[in-house]
There are 2 protein chains.
Amino acid sequence: MGKDGAGMAKGKRAAGMAENRAKLIRAARAAFATQGYAAASMDELTASVGLTRGALYHSFEDKKGLLWAVVEQIDGEMAERLRAIREQAPTLWQGLLAEGCAYIEMALDPEIQRIMLLDGPAVLGDPSKWPGENACLDITMRTIRSLIEAGVVKPVDVEAAGRLLNGAALSAALWVAAADDPKEVLNKAVDAFRQLASGLLRQPV
Amino acid sequence: MGKDGAGMAKGKRAAGMAENRAKLIRAARAAFATQGYAAASMDELTASVGLTRGALYHSFEDKKGLLWAVVEQIDGEMAERLRAIREQAPTLWQGLLAEGCAYIEMALDPEIQRIMLLDGPAVLGDPSKWPGENACLDITMRTIRSLIEAGVVKPVDVEAAGRLLNGAALSAALWVAAADDPKEVLNKAVDAFRQLASGLLRQPV
DNA sequence: TCGTTCATATACGGTGCGTATGTGAGTTGT
DNA sequence: ACAACTCACATACGCACCGTATATGAACGA
């Protein structure tokens with residue numbers, strides 16, 4: 001009874017399924033980002049990639065399950081970008097600031113904004129309990145912990161500081177996204193973010 | 001032809017309508033807070049106050065219109081509470097901190113959390129463009145402006161600082177609300193909020 | 001070759017929204 | 001005081017959408 005042993009044998013069919021799964025996720029990212037979760041029709045979505053709702057409900061629990069998959073994917077991508085940015089920064093402190101700014105800029109992407117910041121929390125609940133365990137928050141917290149150990153930052157509660165910083169960046173992003181002149185507002189937002197973050201410093205720069 | 005001139009004459013009927021409108025809003029606050037906007041059925045909601053959907057669509061544009069009314073009402077109440085808290089504080093700076101803490105605590109209320117922080121932004125879009133012109137943000141900004149004029153706070157962009165502070169408080173609130181031990185987490189959140197806010201000070205305390 | 005499994009399509013029921021239409025109470029004009 | 005009208009609400013309808021139950025057809029194993 002070739003349950004899972006075959007591997008390559010059933011690989012072709014399995015690959016076909018994974019392929020369609022990926023196609024559905026890609027379509028969902030586009031549909032959720034442009035129309036919003038509630039307004040996105042699963043009929044249209046599946047048809048747009050040449051399938052029907054049957055395929056959807058075979059690969060995912062339900063509409064919410066598809067959103068979970070999308071959120072998980074985007075979360076991973078964001079975390080990867082943040083990690084790269086932090087490692088590029090010359091100092092840990094500049095890394096923290098750069099993370100915050102990058103977060104703000106990322107949230108200008110309609111996909112991230114709509115799915116991760118608006119519909120995601122409303123439909124799936126508190127982001128801190130999401131599948132990837134909120135990779136973005138983890139990264140911020142890791143940076144803050146290092147900064148405390150290095151004596152640069154006051155011994156604050158790491159999770160609290162990380163969450164509030166992320167929250168500040170988030171609302172900044174929503175503000176920038178809705179602005180008439182994003183460039184200018186982005187500068188203001190980044191400035192304010194640095195001011196607030198400097199409150200964590202042991203001694204002012 | 002008495003179009004609107006009568007006033008008191010049609011007052012009785014108009015009052016009846018306003019009464020039902022208020023009943024619907026009250027029911028909506030409860031339903032939206034407990035079930036969420038999407039899951040709240042307008043049939044059940046109207047029936048719960050002895051009406052039908054006919055009354056709803058006579059008083060409001062649509063389901064979203066009802067949410068607008070609810071949001072407007074809650075926004076006003078929050079603003080009123082914040083105003084009272086700020087006026088009670090001995091100094092402006094303490095007022096700003098107290099506002100932030102009060103905001104966090106208010107967001108523990110499921111009604112505020114679910115409607116104003118989760119479903120509201122997802123369904124109605126960016127809170128900064130809401131009807132009451134975002135009374136809470138206005139209050140924070142007013143306080144910051146006074147603090148800058150008093151020389152206590154650095155000359156930062158008022159709107160930027162206000163938005164980021166609100167955002168920090170918001171995410172703090174969501175964190176506290178989802179915590180197993182709200183009391184303890186609330187303390188951590190408030191601490192972190194003060195640390196961040198102190199970044200705005202011209203000179204450290 | 002035949003049966004089994006798996007990925008997907010098709011068919012169905014239920015729910016909920018928005019709208020078009022009906023209705024009775026109250027108001028206006030004469 | 002009676003007829004015409006308005007208004008607040010109920011009723012009835014169509015439509016879209018989700019989730020599930022069932023059917024199908026291709027690949028794989030024996």
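## Chain A at a glance

Chain A has nine helices and zero strands. Helices (H or I, at least four residues) and strands (E, at least two) are DSSP runs, numbered from the N terminus. From that end on, the elements of chain A run α-α-α-α-α-α-α-α-α. This is a predicted model, in which local features need pLDDT of at least 70, side-chain atom pairs count only at pLDDT 80 or more, and totals for chains, interfaces and linings use all residues. Residues are numbered from 1 along each chain as its sequence is written, chains are lettered from A and ligands numbered from 1 in the order in which they are written, and side-chain values use heavy atoms, with hydrogens and water left out.

The C-alpha atoms of chain A fill a box of roughly 65 × 45 × 25 Å along the principal axes. Of the 205 residues in chain A, 50% are buried. Buried means under 20% relative accessible area, exposed over 50%, and partly exposed in between (1.4 Å probe, protein chains only). Contact means heavy atoms within 4.5 Å. Among contacts in chain A between residues at least 6 apart in sequence, 68% join residues at least 24 apart.

## Helix 7 of chain A

Helix 7 of chain A covers residues 135-149. Its 15 residues reach 21 Å from first C-alpha to last, close to the 21 Å expected at 1.5 Å a residue. The expected span is 1.5 Å times one less than the number of residues. Gly151(A) follows helix 7, and its phi is positive, near 80°.

Several residues of helix 7 are buried, including Leu137(A), Ile139(A), Met141(A), Ile144(A) and Leu147(A). Their cover includes helix 4 (63-88), helix 5 (92-106) and helix 8 (158-178) of chain A. Thr140(A) also lies in helix 7. Thr140(A) is buried because its relative accessible area is 6%. Leaving out residues up to four places away in sequence, Thr140(A) touches Leu96(A), Glu99(A), Gly162(A) and Asn166(A).

## Helix 8 against helix 8

Two packed helices are described by the angle between their axes and the distance between the axes. Helix 8 of chain A packs on helix 8 of chain B at about 130°, with the axes 7 Å apart. Axes are lines fitted to C-alpha atoms, for helices over the stretch in contact, and angles run from 0 to 180 degrees between N-to-C directions. The two helices are therefore oblique to each other. Angles under 35 degrees count as roughly parallel, over 145 as roughly antiparallel, 65 to 115 as roughly perpendicular and the rest as oblique.

The crossing of these two helices is right-handed. A crossing is right-handed if the near helix is turned clockwise from the far one by less than a right angle, and left-handed if anticlockwise. Residues in this contact include Arg163(A), Leu164(A) and Trp175(A) from chain A, and Arg163(B), Leu164(B) and Trp175(B) from chain B. By class, the contact has ten nonpolar, four polar and four charged residues. Ala, Val, Leu, Ile, Met, Phe, Trp, Tyr, Cys and Pro count as nonpolar, Asp, Glu, Lys and Arg as charged, and the others, Gly among them, as polar.

Helix 9 (residues 182-198) of chain A packs on helix 8 of chain B at about 60°. Their axes are 9 Å apart. This pair is oblique, and the crossing is right-handed.

Lys188(A), Ala189(A), Ala192(A), Phe193(A) and Leu196(A) meet Ala160(B), Ala161(B), Leu164(B) and Leu165(B). Eight of the contact residues are nonpolar, none polar and one charged.
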